[in-house]
Amino acid sequence: MNKLSVKETAMAAVMCALMCVLAPIALPIGPVPISLATLVVYFSVYVLGIKLGTLSVAAYLLLGFAGLPVFSGYTGGPSKLLGPTGGYLVGYIILALILGVFVEKFTRFGIKDRVMVFVGMAAGTAALYALGTGWLMFSTGMDIGAAMMAGVIPFIPGDIGKMVIAVILAPEVIVALRRAHVLGQEG
């Protein structure tokens with residue numbers, strides 16, 4: 001088992017903290033609010049890779065589960081994870097894992113690599129939507145059409161915009177962090 005270095009732990013903690021700060025800021029449009037959480041997941045995994053990026057997302061979920069007000073609308077606790085939007089929250093882990101596979105394979109910052117990372121973001125987000133929508137249907141009794149209108153359709157344009165932002169800016173952040181010797185070549 002590989003132990004995390006202090007630097008790796010600190011980087012995962014910083015991304016977790018960023019998610020704790022940005023994810024609660026939400027636009028309540030229905031049972032599923034619009035937040036910046038997916039943007040932070042995209043950045044965390046793109047910048048830190050599959051292991052540390054997923055760890056930062058898992059730590060965020062654990063903090064929220066423990067009751068810290070880090071979920072949308074400054075909420076937290078087990079009831080939030082078990083409530084109608086819980087599938088979307090847990091879906092962040094699935095998103096991180098799927099995206100992480102693409103980030104690990106396409107490590108350069110050329111157009112092809114960025115397009116493939118975008119594809120990974122889209123695939124991970126589709127999996128997040130599927131898990132979240134399934135849980136929303138189960139927990140509320142909504143049919144698939146109502147659940148898609150509540151938890152998927154309104155989010156697609158914003159999530160595509162977040163993916164574009166991440167694909168453009170994350171490589172620049174990685175380069176800056178490498179220059180500052182904060183992030184190694186593997187991250």
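A residue is called buried here when its relative accessible area is under 20%, exposed when that value is over 50%, and partly exposed in between. By that rule Asp159, with a relative accessible area of 4%, is buried in this predicted model, and Lys162, its salt-bridge partner, is buried as well at 10%.

**Salt bridges**

- The structure holds two salt bridges, and one of them joins Lys162 to Asp159, whose closest N and O atoms are 3.3 Å apart.
- Lys162 and Asp159 are separated by about one helical turn, because they stand three residues apart in helix 7; in general, an α-helix has 3.6 residues a turn, so residues three or four places apart point the same way.
- A salt bridge with an N to O distance of 3.6 Å brings together the side chains of Arg114 and Glu172, and this pair links distant parts of the chain, since Arg114 belongs to helix 5 and Glu172 to helix 7, 58 residues apart.

**Nonpolar surface patch**

- A nonpolar patch on the surface is formed by Met149, Ile153, Ile156, Ile160, Val164, Ile165, Ile168 and Leu169, which together have about 660 Å² of accessible area.
- Helix 7, spanning residues 156-179, gives the most to this patch, contributing six residues.
- Met149, another member of the patch, is placed in helix 6, which covers residues 144-151, and Met149 counts as exposed because its relative accessible area is 54%.

**Helix 6**

- Which residues of helix 6 are buried? They are Ala147, Ala150 and Gly151, and these buried residues line one face of the helix, because they fall within an arc of 75 degrees when seen down the helix axis.
- The packing partners of the buried residues of helix 6 are helix 4 (86-105) and helix 5 (111-140).

**Cysteines**

- The count of disulfides comes to zero, where a disulfide would require a pair of cysteine sulfur atoms within 2.5 Å.

- Ile34 is found in strand 2, made up of residues 34-35, and is partly exposed, with a relative accessible area of 28%.
- Once neighbours within four places in sequence are left aside, Ile34 is in contact with Ile25, Ala26, Leu27, Ile29, Pro154 and Phe155, while the C-alpha atoms of Ile34 and Leu97, which are 63 residues apart along the chain, are separated by 22 Å.
- Ile94 lies in helix 4 and counts as partly exposed at 33% relative accessibility.
- If residues up to four places away in sequence are not counted, Ile94 touches Ala127 and Leu131, and a separation of 8.5 Å is found between the C-alpha atoms of Ile94 and Thr125, which are 31 residues apart along the chain.

Methods
Residues are numbered from 1 along each chain as its sequence is written. This is a predicted model: local features need pLDDT of at least 70, side-chain atom pairs count only at pLDDT 80 or more; totals for chains, interfaces and linings use all residues. Side-chain values use heavy atoms; hydrogens and water are left out. Patches are made of residues with over 30% relative accessible area and no salt bridge: like charges are joined within 9 Å, nonpolar side chains (Val, Leu, Ile, Met, Phe, Trp, Tyr) within 5 Å. Accessible areas come from the Shrake-Rupley method with a 1.4 Å probe; for residues, only the protein chains shown count as cover. A salt bridge is a side-chain nitrogen of Lys or Arg within 4 Å of a carboxyl oxygen of Asp or Glu. Helices (H or I, at least four residues) and strands (E, at least two) are DSSP runs, numbered from the N terminus. Buried means under 20% relative accessible area, exposed over 50%, partly exposed in between (1.4 Å probe, protein chains only). The arc is that of the directions from the helix axis to the C-beta atoms. Contact means heavy atoms within 4.5 Å.
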